[in-house]
Structure formats: structure tokens, C-alpha cells
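The sequence and the structure are shown first.

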Amino acid sequence: MAVNLGALVAVLAVVMAVGVAADKVTVVISPETSKEIKVKKVKGEKVCTQGWECQEFSKYCCNQTVSDFFQSYQFENLFAKRNSPVAHAVGFWDYKSFITASTMYQPLGFGTTGGKEVQMKEIAAFLGHVGAKTTCGYGVATGGPLAWGLCYNKEMSPMQEYCDDFYKYEYPCAPGAQYYGRGAIPIYWNYNYGKIGQGIKQDLLNHPEYVEQNATIAFQAAMHQWMTSPKKGQPSPHEAFVGDWKPTKNDTLAKRFPGFGTTMNLLYGDSVCGQGDVDSMNVIISHYQEYLDLLGVGREKAGPHEVLTCAEQEVFNPSYKSTSS
């Protein structure tokens, strides 16, 4: 009698998953990728690991990993002109550095939250920010203005050293260090280098140059910003995007909704949001939509206008200080 091996593997995976006992690790073969997944239960919840990419037991590691649905050829499609002779960071950015950086955050839900469509949308959203913030594309650029993401890895002509003495006790500026913009989602100022460095376990306060010397560190720093709340009581951009954040009544009145628009609000505040239909906002949205198309998800999945933009949103963290503060 002929045996359908694929169906047998799938059935075994289900049977083994059902039989997972507390603290007992079981190996399951994924019916989608044929990878081995280690599964156990912790406080009644199924948690998993998946090899080098998802090494910590986590509920998110039970889903597909980022490299399962986002592969090197897709990275090349999104950033087609990054190694053109006229680009400013030729040879710096690569797929391996992106995936290596993501292993720090995949167990926390980066690109591993929800089903495949949500996962792909999050990668497109995150990289939409990256592409927009590192582009040297313009209207008549070869390949179109949206093909030039990851052209830069640093600010080319810094106007200042970005050392704020207000933070001289917590994040003192290192002698000779300059805290100009660097990275996939550029970091500015000593206090941001200090906080992000602590988050990714790199001494960026004393060595901000690491971000322009190592692409994995540069991607990790950007992912830290994506996965971390800017202030207590506020969501991270990741939480706002994947729907883990539940807006308060005040958020709703401020026109802040789960989705891409709120990620811009959290990352850039009033430099992009709450100003109507400005170019600085539309460039970021255009990169996100383009990447959804290139990944085969389709820009129609980006959501309605009020979710996609932050044009009318009240910002979480205004750059000005009120007279009462």
C-alpha cells in the first residue's frame, strides 16, 4: 500500500504536539518547513525553539521563523540599488546581518507574531521604515525612488556632535565621540546611544562608531527601537503594529489606532505626524506599500487611511515642552 509521506509527517506533528506534557520537551517536525521544532508546555502554554534562529523557548518560536518566509532574494529585491556605485554604504548592508540581528528579537515576537501574513506585513513595515530612512532615491532615480533603501549607514554631513549635557550623569558623552545619525533607523544623541546600547548589550555610548562599522549591530539597534516602548504606558511600534496594543479612550480621541500610522508616531513624533499629508510621512508609507507588493502580500493589505497614516494623530511625545512642565 502506498504511503503519503507528507501527510504522515503532518499527522505525526499534530499527534506529538497534542501529547506535549509540562516540562517535557518533544521534537515536532513542522509540516510547512520540515524543520525540527522542540516543544514543551510552561504554565499550560505551548512554547518552542527552532534551531539557531529561535533559540529561546517562546510561544512565538512555535510559528514560522523569519527566514522561512523572507529569504535573501527578497532582501535583494527590496534593496535593489544599495550596492550601486553611487550608493554611500556599498558592501555594508546584507541579508545575513539582518537575519543574524533578528535572532535577538524573534523569540520576543519580531516577525514571529500571528500567522504568515501578519509576519510578512511586520517585516515589510519594519523594513519600510529602514528603507525610507536610509534612501538616496529621488523622483527620476534609476529603478525608481523606492529602490534605493540602505544607500546610507550614517549621516554624511553632521551639523553638530549631538551631545546633550542634561544627561551627563546617566549617559555622559565620551571624549572624542560623536553622536550623529547612524544605523538602519538612525540614532542621534548620546542618551539614545546609551539606552539602545544597553538594550542590545553593546557599549554604544563610548563607541557609537560600532553602528556604522557592523551591519548586525546597526540592524539590532533598529530592531530595539521597533520592539521597545519609548515611554512607560506607551506601546512599542511592534505592539502597535501587530495588534497587541489596546488603545485607551484618550488614544482613540487622539486618532491613534493599531497599525502602521502609530509606528511612525512612536518612532518620530511630530517630525512626521500630526501635520497633515506631509512628504516626510508619505515617503515612509510609500516604502511600506512598495515592500508589501514586492513580498507578494499586496499594498491593499496595508489597511484603511486612518490606520496607515498618522497625518491627523496627536503625537505621543511632543518635541516641545509645555509651559507647565
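A salt bridge is taken here as a side-chain nitrogen of Lys or Arg within 4 Å of a carboxyl oxygen of Asp or Glu. The model is predicted, so local features need pLDDT of at least 70 and side-chain atom pairs count only at pLDDT 80 or more, whereas totals for chains, interfaces and linings use all residues. Residues are numbered from 1 along each chain as its sequence is written, and side-chain values use heavy atoms, with hydrogens and water left out.

**Salt bridges**

Side chains of opposite charge can pair when their charged atoms come close. A search of the whole structure returns 8 salt bridges.

| Pair | N to O distance |
|---|---|
| Glu117 and Lys301 | 3.8 Å |
| Lys35 and Asp68 | 3.2 Å |
| Arg82 and Glu76 | 3.0 Å |

Helices (H or I, at least four residues) and strands (E, at least two) are DSSP runs, numbered from the N terminus. The salt bridge between Glu117 and Lys301 links distant parts of the chain: Glu117 belongs to helix α5 (residues 116–133) and Lys301 to the loop between α12 (279–294) and α13 (305–308), 184 residues apart. For accessibility, buried means under 20% relative accessible area, exposed over 50%, and partly exposed in between (1.4 Å probe, protein chains only). Glu117 is partly exposed at 40%, and Lys301 is partly exposed at 36%.

The salt bridge of Lys35 with Asp68 ties together parts that are 33 residues apart in sequence, because Lys35 lies in the loop between β1 (26–29) and β2 (36–42) and Asp68 in helix α2 (residues 66–69). Lys35 is partly exposed at 24% relative accessibility, while Asp68 is buried at 19%. In the salt bridge of Arg82 with Glu76, Arg82 is buried at 6% and Glu76 partly exposed at 38%. Elsewhere, a network of salt bridges links Lys154, Arg182 and Glu212.

A nonpolar core is a set of buried Ala, Val, Leu, Ile, Met, Phe, Trp, Tyr and Cys residues joined through side-chain atoms within 4.5 Å. The largest such core has 70 residues, of which Phe70, Phe98, Phe126, Leu127 and Met264 touch the most other members. Helix α8 supplies the largest share of this core, 9 residues.

Contact means heavy atoms within 4.5 Å. Leaving aside residues up to four places away in sequence, the contacts of Phe98 include Phe70, Phe126, Leu127, Phe219 and Met223. Thr216 lies in helix α8 (residues 215–227) and counts as buried at 17% relative accessibility. With the sequence neighbours up to four places away again set aside, Thr216 touches Ser97, Thr100 and Ala101.

Which residues of helix α6 (residues 190–200) are buried? They are Asn190, Tyr191, Tyr193, Gly194, Ile196, Gly197 and Ile200. The elements that cover these buried residues include α7 (210–213) and α8. Lys201, which follows α6, has a positive phi near 60°.

Two strands pair if DSSP finds at least two bridges between them. Strands β3 (residues 45–50) and β4 (residues 54–58) pair in the antiparallel sense over 2 bridges, and Cys48 stands opposite Ser58 in β4. The hairpin has 3 residues between its strands, and Gly51 takes a positive phi near 60° there.
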